[in-house]
Amino acid sequence: MVFDPGKGNEGVPPVSQIPPPIDIIMHLDTPVPRSRSHSLITSSSTSPLEHFAMATEFRWGIISTGWIASCFVKDLILDPKTRDTHDIVHKVASVGSRSIESAQSFIDKHAGGDKSIKAFGTYAEVYADPNVQAIYIGTPHTLHYENARDALLAGKHVLCEKATTSNAPELKALIKLAKEKNLFFMEAMWTRFQPITKEVKRASEEGNLGDPVVLHADLSGDFDVENIPKTHRILDPYLGGGAILDLGPYPMIWAVVALYEHPSNKKAYPTKITGSIIKSPLTGVDSSTSWTLNFTKTLQAQAILSASITLPAAKTGVIIRYRNGNILIDSPIYKPPSFTVQYFDKPGSGVIVREETKTVSYVGGGFCFEADEVARCVRDGKLESDTWGHDKSILLMEVFDEVRRQGDYKLPEGVEKVF
Ligand SMILES: NC(=O)c1ccc[n+]([C@@H]2O[C@H](COP(=O)([O-])OP(=O)(O)OC[C@H]3O[C@@H](n4cnc5c(N)ncnc54)[C@H](OP(=O)(O)O)[C@@H]3O)[C@@H](O)[C@H]2O)c1
């Protein structure tokens, strides 16, 4: 398997004695609040200063024991001080799997065998665990709706892997339920919370480059499809297999950051979506997919996006083009190590007179930042993140629905639960 999103957090020590990140200075987006119902490590006898110094413990229930759940948990148990986080401490309270043996071996392998973590042989027991505040869902896409719904109905906040659901109506139903129950819900769009994304945004929006005109973004991953079982989630249509739902969120996140979030766009959704799909002869899932988004309400900008399950990623995965220069983002685009800003001598000339490359590194696999966001939002009583809000997850799912419609990729009967 070449596509390896969690690469980088193997062997990272879970506790202290790790030097702070070197290349970056991170700023907390949210002030440390006064006491909240979910702040656990508090005491009425503490002075305001001591209170400020205290961290909120945030307790997670983990659903499923696959690849991405292991990446997430390895980051959860890192010492938050290694990323300059002092207001949050994560705790894995329980892990649920379809088999209790798998839950226990997951805890032993990825959470240091911590005896305080409960292993359950059903997901329902995790939803019902009174020690759990939020559920992390790492099952295949087509199960997300049912899993997230069960978690919300049990009164738990939810962080749900991408693609959040099989289609936009399922996602909207979950968001409605979360709001009704006064619970936090977020898509696990970890790239948006990585420190490098803030740096790209700064370069894009500071004004030197002008407004964005064209964005090219591709995420491809060679899944060796000829040699994996057809029941693998990337090939199985019952599990939402194919490129668009699995890899598509990453070209999309950069279109959202550079175009949708650009101040000149004023949060306008795309005015036109076009899509084209080549299906895999193996199972009929989408093998190579390309799509474009026009942002023409207030910008004159276009995103040209693609994903494939039969190719390795290109070295430069994202190019954002402006009249005054370019931003080039290095692969992998779900966790870019660096990006380069090129400045032209005059608008439209294409003559590069200055190039600046920024490299960002940190301890862990890059999932800890989204976890911090969830904990802070819940602590602060928010129902959605200001950084990756419901509007952005809905935008992604609506685009995927439309591209699948145009490319005639229908999920099998019974997979989609809401229409
Ligand atoms: N954020 C990222 O960078 C990233 C990267 C990869 C994947 N993902 C997303 O995470 C989700 C899972 O991906 P993954 O690569 O971790 O998959 P995976 O390794 O196959 O793990 C999926 C887990 O889901 C559980 N599951 C429940 N019902 C299942 C079923 N019918 N078939 C297969 N598994 C089932 C299993 O855990 P139990 O046996 O313990 O119940 C399984 O281990 C997908 O939605 C994917 O898009 C995100």
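**A walk through the predicted chain**

The secondary structure of this chain comes to 11 helices and 14 strands, where helices (H or I, at least four residues) and strands (E, at least two) are DSSP runs numbered from the N terminus. The model is predicted, so that local features need pLDDT of at least 70 and side-chain atom pairs count only at pLDDT 80 or more, while totals for chains, interfaces and linings use all residues. Residues are numbered from 1 along each chain as its sequence is written.

The chain averages a pLDDT of 90, with 87% of the residues scoring at least 70; pLDDT is the predictor's confidence in each residue, from 0 to 100. Over residues 1–52, however, pLDDT stays under 50.

Of the 419 residues in the chain, 47% are buried, meaning that 20 or more other C-beta atoms, placed from the backbone, lie within 10 Å of the residue's own. Helix α2 (residues 67–76) is mostly covered, with eight of its 10 residues buried, among them Cys71, Phe72 and Val73, but also Lys74 and Asp75. The buried residues of α2 pack against β1 (56–63), β2 (88–96), α3 (100–110), β4 (134–137) and α10 (368–379).

Strand β7 (residues 212–220) has two partners to follow here, where pairing requires that DSSP finds at least two bridges between the strands. With strand β10 (residues 301–308), β7 pairs in the parallel sense over seven bridges, and leucine 219 stands opposite alanine 307 in β10. With strand β11 (residues 316–322), β7 runs antiparallel and is joined by five bridges; the bridge partner of alanine 217 in β11 is valine 318.

Definitions and conventions: A residue is buried if 20 or more other C-beta atoms lie within 10 Å of its own, exposed if 12 or fewer, and partly exposed in between; C-beta atoms are placed from the backbone. Two residues are in contact if their C-beta atoms, placed from the backbone, lie within 7 Å.
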